[in-house]
Amino acid sequence: MNKTYQIGDQVLLIDTKRRQYLVTLKEGGEFHTHSGVIFHEKLINAPEGTSVFSSSNSIYMSFRPSMSEYIKKMPRGAQVIYPKDIGAILMIADVYQGAKVFETGVGSGALSMALLRSGANVFGYEIREDFANRAQENVRVMLGEAALKRYKVELRDSYEKIDEKDFDRAVIDLPEPWLVVPHLKEALLSGGIIVAYTPSIKQAIKFREAIASNGFSLAETIEVLHRGWHIDGEAVRPDHRMVAHTGFISSGRLLNK
């Protein structure tokens, strides 16, 4: 039996042109669009997948947002890592149930959510309090209060030092990730995986140089390109637009100390 929408739930509304709108259901709430008003009461207690009409008779599909959809629409302070890159980072970092993961530069919490949903325990360093608060709130909204028990964010600068030890994995989303590498050499367990996300290839090069000189091996750098396809009967072709370069993902494994 489908679970029904309740007050406080996140709902993704999709119009006939596939434009998406993220709404938090409220008692007596209204969502105003270019094509009329959608009253929240039409969705509360309705099953997922329900279609609703606006006051001007425009139809909208409704679904609970996937994590990818929520990340694209959620409130943010910092720019988030694109979902196509988050998926690759989870696989490259080999995140698993119960892993102890160090994340620095938590931003708006997009990667944190994916790490937590994979079952990891996440220790985050963030230098901006507004970013840290936003990340924790986004995690709470998407994953629920229980996820916060596995999510610890401190207002700390990982360029200076990392006090915690015995991490299985580390993920860095900072302008100068190479400055964190010497600290992670001491904080990671032997065999642990380090991953850095960098917009520029020059940043990736400096990170690779840092891990090579700090006891890491099996280094790799990749980028992920996302190209959709138009399929309409016999008319099949690549989409005219694609999500190409967003960032480089570089990784390595710590040798036995």
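E154 has its place in strand β9 (residues 151-154); helices (H or I, at least four residues) and strands (E, at least two) are DSSP runs, numbered from the N terminus. The side chain of E154 is joined to that of K152 by a polar contact of 3.2 Å. A polar contact is a pair of N or O atoms within 3.5 Å; within protein, one must be able to donate a hydrogen and the other to accept it, and residues adjacent in sequence count only if both atoms are side-chain atoms. Apart from neighbours within four places in sequence, E154 is in contact (heavy atoms within 4.5 Å) with G124, Y125, E126 and E164.

The model is predicted: local features need pLDDT of at least 70, side-chain atom pairs count only at pLDDT 80 or more, and totals for chains, interfaces and linings use all residues. Residues are numbered from 1 along each chain as its sequence is written, and side-chain values use heavy atoms, with hydrogens and water left out.

## The chain as a whole

The protein chain has 6 helices and 15 strands. Its C-alpha trace spans about 65 × 45 × 35 Å along the principal axes. Of the 257 residues in the protein chain, 44% are buried; buried means under 20% relative accessible area, exposed over 50%, and partly exposed in between (1.4 Å probe, protein chains only). Among the contacts in the protein chain with a separation of 6 or more, 59% are between residues 24 or more positions apart.

## Helix α4

Helix α4 (residues 129-143) has 15 residues and reaches 21 Å from its first C-alpha to its last, close to the 21 Å expected at 1.5 Å a residue. The expected span of a helix is 1.5 Å times one less than its number of residues. The buried residues of α4 are F131, A132, A135, N138, V139 and M142. They lie on the same side of α4, because they cover an arc of only 130 degrees around the axis; the arc is that of the directions from the helix axis to the C-beta atoms. An α-helix has 3.6 residues a turn, so residues three or four places apart point the same way. The cover over the buried residues of α4 includes α1, α3 (110-117) and β9. After α4 comes G144, whose phi is positive, near 95 degrees.

## Helix α6

The 12 residues of helix α6 (residues 201-212) should span 16 Å at 1.5 Å a residue, and the 16 Å between its end C-alpha atoms agrees with this. Q203, A204, F207, A210 and I211 are the buried residues of α6. Seen down the axis of α6, these buried residues fall within an arc of 125 degrees, so they line one face of the helix. The face turned away from the buried side of α6 carries the exposed residues K202, E209 and A212. Covering the buried residues of α6 are, among others, β10 (167-172), α5 (181-187), β11 (188-198), β12 (216-222) and β15 (248-254). At the start of α6, a side-chain oxygen of S200 comes within 3.0 Å of the backbone nitrogen of K202.

## The largest pocket and R18

The largest pocket has a volume of about 640 Å³. Of the 16 residues that line this pocket, the closest to its centre are R18, Q20, K72, Y82 and D239. On a 1 Å grid over the protein atoms alone, a pocket is an open set of points where a 1.4 Å probe fits, with protein on both sides within 12 Å along at least five of seven lines; lining residues have an atom within 4 Å of a point. Grid points are joined across faces, edges and corners, and a volume is the space filled by probe spheres set on the points. Helix α1 (residues 67-73) gives the most to the lining of the largest pocket, with 4 residues.

R18 is found in the loop between β1 (10-14) and β2 (20-24). Its phi is near 65 degrees, a positive value in a residue other than glycine. D166, in the loop between β9 and β10, is likewise not a glycine and has a positive phi of about 60 degrees.

| Residue | Relative accessibility | Class |
|---|---|---|
| R18 | 71% | exposed |
| D166 | 48% | partly exposed |
| F39 | 31% | partly exposed |

F39 lies in strand β4 (residues 36-39). Not counting residues up to four places away in sequence, F39 touches G29 and E30. F39 and F53, 14 residues apart in sequence, are 9.0 Å apart in space, C-alpha to C-alpha.

L225 lies in the loop between β12 and β13 (229-232). Leaving aside neighbours within four places in sequence, L225 is in contact with K84, M242, V243, A244 and H245.
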